[in-house]
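Let's take a quick tour of a protein model, looking at strands and charged pairs. Have a look at the picture before reading on.

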Amino acid sequence: MLATLRPCLIAGLFALATTMAPLAHAAAADLAGVWKGTMETQIGPTETTITVEPGAALAGKVQVATYEGRIEKGKVEGEKISFEVSIEPGTIAYAAPSRATR
């Protein structure tokens, strides 16, 4: 599974962003909570959970299938959200509008 997930990680988490619907101008504190979605990989849809911790900074963890990593380089700039997650198969980069609902 490791070799199969690696090529899809960056595009896959970005695809997760497209499964989230609109939310008005969000600050990191507004995003706190658990967000669930599906990431498309070469082996099919993979469940993904993003847990955003309350606070001024965008922090938390992401679980993709059985892999889990901490949110790194988290930013909320206007209507844009971005972060990276390092998990065993590689680094996932996430960048999308911050308009989302749980």
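Is E53 buried, partly exposed or exposed? E53 is partly exposed, with a relative accessible area of 31% (buried means under 20%, exposed over 50%, partly exposed in between, with a 1.4 Å probe and protein chains only).

This is a predicted model: local features need pLDDT of at least 70, side-chain atom pairs count only at pLDDT 80 or more, and totals for chains, interfaces and linings use all residues. Residues are numbered from 1 along each chain as its sequence is written, and side-chain values use heavy atoms, leaving out hydrogens and water.

**Strands** (DSSP runs of E, at least two residues, numbered from the N terminus)

- Strand 3 (residues 60–64) pairs with strand 4 (residues 67–77) in the antiparallel sense, over 4 bridges; pairing takes at least two bridges found by DSSP.
- Strand 4 also pairs with strand 5 (residues 80–87), again antiparallel, over 5 bridges.
- The hairpin of strand 4 and strand 5 has 2 residues between the strands, and G78 in the turn has a positive phi of about 60°.

**Salt bridges** (a side-chain nitrogen of Lys or Arg within 4 Å of a carboxyl oxygen of Asp or Glu)

- The count comes to 3 salt bridges.
- R70 pairs up with E53, their closest N and O atoms being 2.9 Å apart.
- R70 sits in strand 4 and E53 in the loop between strand 2 and strand 3, so this pair ties together parts 17 residues apart in sequence.
- K73 and E84 meet in a salt bridge too, at 3.6 Å from N to O.
- K73 is exposed at 61% relative accessibility, while E84 is partly exposed at 25%.
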